[in-house]
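Hi there,

Here is the structure I promised to pass on to you. Have a look at it first, and my notes on what turned up follow below.

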Amino acid sequence: MDSTRRLGKYRVEREVLDEQRLEEITQRTTHSDTQPSLTERLKDYFRCTAPKLKRRVMSILPVLYWLPKYSIWEYGMPDLISGISVGIMHLPQALAYALLASVPPVFGLYTSLYPPLIYLFFGTSRHISIGTFTVLSIMVGSVTERLAPDSAFLITNGTNVTAELNIIARDSYRVQVAAATTLLGGLIQVLLGVVKFGFVGTYLSEPLVRAYTTAAAAHAVVAQLKHIFGVSPRRFSGPFLLLYTLKDVCMLLPDTHLPTLLVSAVSIVFLIAAKELNSFLSPKLPVPIPVELVTIVAGTFISAYTHLNRNYTISVVGEIPNGLSYPSVPDASLFGEVIGDAFALAMVGYAISFSLGKTFALKHGYNVDSNQELVALGLSNAVGGFFQCFSVCSSMSRSLIQETTGGKTQMATVASALIVLVTILKLGSLFQELPEAVLAAIVFVNLKGMFKQYSDIVTLWKRSKIDLVVWLVTWVSTMLFNLDLGLAASIIFALMTVIFRTQLPTYSVLGNVPGTELYVDIETHRKAREIPGVTIFRSSATVYFANADLYLEALKEKSGLDISKMIIYKKRQEAKQKRRERRAERRARRHAKKEVCMHKQSLLSGAISVEEEAGRWRDTCVDGIATDEEEHDWNERENGTVFVVPITPRTPDEPCRWEYLKGGEPDCQSLGWDGDTTTLGSSSEDTLSQDLERVSLGSLGKWTWDIHSIVIDLSTANFIDIVAIKTMKNIFQDFSEIDVDIYMAGCQPSVVEQLELGDFFSESVTKRHLFASVHDAVLYCLDHRGATSFSRYEPSVDTSSSTKL
């Protein structure tokens, strides 16, 4: 084609590019040309070179990248101050969240010591604080209480009706359950990280995670009500656990232990007031006041000197052994019972840690590797499982303290671990008189931030109704079906919303923005103008097996064509035409035969018998007058207004091509025909030679059939599967039956390659039907069909601007 093309008022200052021409110009290489073979990839993977070995080791141990560059003078003091602040927060949270996990408090201290040190070597985030977290502690507690309920550890003394609870045996078994769940969850995370499945965390959208943590906060509050009111409700498990527990606590409210309630109320009031004061003075304080630690120290001091446990029977933490525990292998027989919970812990922990780490990375300008984060968090949990720890992830409150107090690297973890270590070795026994009500109050107040997430409902109502539905379904399912089943139901529903939105995308017909090469939806842009004779169709989603049929139906609806009925009608008319031709041939043969017979008889005798006249009359009735079937067809067609125009003559090898038009009488002058119109019911043989036949569709209705080309915009498609390829083939085949040209535009290279692999192209459908842009396809359509068949239309826009590829 010429470099400058003109068509009416349309103009483009470059060559109109289809896919074949674009490949010739750019010399595009296929995937098979650039992709190495499997043997070459295996050789490259196992080939060991010094730079490659260095990169591999540093990717596995990120600490080797930043530790040699660590500057003590620049980072030492900020990391020390940050680590001390975080370590002070570790102590109360470790003791309090151990109650949520239903294990002795000392194991919360172990959980705050070992996993953070493992993350120091393998993690890629510089600011998150690994350790105990509310949601994971609640999830672990639901597992330990389900597999180790109090009823399984009751001891009866002979004939005594009352039974005593073997607390030591129960706590020992619960620790084993928590360790097994943590180890299995860590192994799952490591496996997913090794096989590069770090993207699975993206399926946990922000509305889902926030709703899940909000519902988990409600579970935490209900779990702490027994410590706040000093009652002993029954243990429940499975769906509706929250409702059963809340009902039982309400029934036990008349038996509330008043001294315990008083300690809880005083602790809650003090914590709320102190935190508000801390927030007010935070701009003026270099380090936040450790409110929780002050509360624990004060509560322990008052309890020890007033003997709250002995005088008022207030439950206290109890014995906290000094020293570290020896590593041991968790009971592998429990893996089968906790594998579902372990997977849920792995997914939730990774989603929280990675989202928080990515937030700090964007703020401070470094990268966080999703797959390496999975490995680092998995190793932290797996190693922690051998030291009787429960599941860990990053804590938002501790991470914010670590970042706001000036922390630069994970060396702050070393300082916080030293504080926890000193507490385990020397100071743990000092907290034996700490009331459990104080720890419950700390958990209760720390959940205030999660309860603020209920404001998401108002925000999502204004921004996205779909995300609001995901939030509500996640919250309701987690509240009703417990944490593990609630998470599974939430993920399934979130994926269903994605499938639903891809199955029901927005289909639109595009029009041209005057003076540009832009094409937008004509329903939402009033100044957009349709291209005469061309329909440009676009879907807002990728075409694949789930919406391929809907795509075809939408194309028929937007183009105004019912292809199946039109094809059936055309075949019916062609069959009738053939029958009429055969009848005409039979009439001609009979007429010639009669002429011969009459000529012979006239030679033999000059008179014609009555029988011959009767036979001639019968032949006239059969051949010259329409039959009942033809009369019925004509009456049925008489109400329609669709015209079939034979634009090519019929030949012995090829049937004629038809063009369908709507509206009153056809514009004979524009079609290049003038003559009289005769009906199909006429017995005249001239009917067979007319260029225009008036037919009707009857019940098929009336359509606007003034298009000759359809351009399918596939710029939104990032892949195309076998079902979609077959649908596209059917579109080309069906529309060609009624003489409409189909073109595709804006295909990405990956989509073109998938079309090639799917045997989409053939002799009739080539890459000449694919164009680099919608504008190229429109210009080709107007040049190929519009200027001849539809010369009565004047272009309404001027696209004089050019697009440079």
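**What I found**

Let me start with Leu95: apart from residues up to four places away in sequence, Leu95 touches Pro105, Leu109, Ile296, Ile320, Phe431, Leu434 and Leu439. Please keep in mind that this is a predicted model.

Leu95 also belongs to the largest nonpolar core, which has 99 residues. Leu95, Val103, Val135, Met139, Val348 and Leu439 are the members with the most contacts inside that core. Helix α16 (residues 335-364) supplies the largest share of the core, 14 residues. There is also a second, separate core of 33 residues, with Ile563, Ile710, Ile712 and Leu770 among them.

Thr423 sits in helix α19 (residues 411-427) and is buried, because its relative accessible area is 4%. Beyond its neighbours within four places in sequence, Thr423 is in contact with Leu91, Leu109, Gly428 and Phe431.

Thr214 and Trp471 are 257 residues apart in sequence, yet 9.9 Å apart in space, C-alpha to C-alpha. Tyr454, Trp471 and Trp475 also form one aromatic cluster together with Phe451.

On aromatic rings in general, the count comes to 21 aromatic pairs. In one of these, the ring centres of Phe153 and Tyr173 are 6.3 Å apart and the planes are at 50°, so the pair is tilted. Phe153 lies in the loop between α9 (134-147) and β4 (154-156), and Tyr173 in helix α10 (residues 167-194), so this pair ties together parts that are 20 residues apart in sequence. Phe153 is buried at 16% relative accessible area, whereas Tyr173 is partly exposed at 30%. Phe771 and Tyr780 form another tilted pair, with 5.3 Å centre to centre and 40° between the planes. Here Phe771 is buried at 3% relative accessibility, while Tyr780 is partly exposed at 23%.

Now for the charges: a search of the whole structure finds twelve salt bridges. Among them is the one between Arg170 and Asp150, at 3.0 Å from N to O. Arg170 lies in helix α10 and Asp150 in the loop between α9 and β4, so this pair also ties together parts that are 20 residues apart in sequence. Arg170 is buried at 12% relative accessible area, and Asp150 is buried at 19%.

Another salt bridge joins Glu403 and Lys363, whose closest N and O atoms are 3.0 Å apart. Glu403 is in helix α18 (residues 396-404) and Lys363 in helix α16, so the pair ties together parts that are 40 residues apart in sequence.

Finally, the surface: Leu191, Val194, Val195, Phe197, Phe199, Tyr203 and Leu495 form a nonpolar patch with about 650 Å² of accessible area together. Leu495 is in helix α23 (residues 465-503) and is partly exposed, at 35% relative accessibility.

Note on methods: Residues numbered from 1 in each chain as written. Predicted model: local features only at pLDDT ≥ 70, side-chain atom pairs only at ≥ 80, totals over all residues. Heavy atoms only, no water. Patch = residues over 30% accessible without salt bridge, like charges linked within 9 Å, V, L, I, M, F, W, Y side chains within 5 Å. Areas by Shrake-Rupley, 256 points an atom, 1.4 Å probe, with all protein chains shown as cover. Salt bridge = Lys/Arg side-chain N within 4 Å of Asp/Glu carboxyl O. Helix = DSSP H or I, 4+ residues; strand = E, 2+ residues; numbered from the N terminus. Buried < 20%, exposed > 50% of the residue type's maximum accessible area, 1.4 Å probe, protein only. Core = buried A, V, L, I, M, F, W, Y, C linked by side-chain atoms within 4.5 Å. Contact = heavy atoms within 4.5 Å. Phe/Tyr/Trp six-rings, centres within 6.5 Å; stacked < 30°, edge-to-face > 60°.
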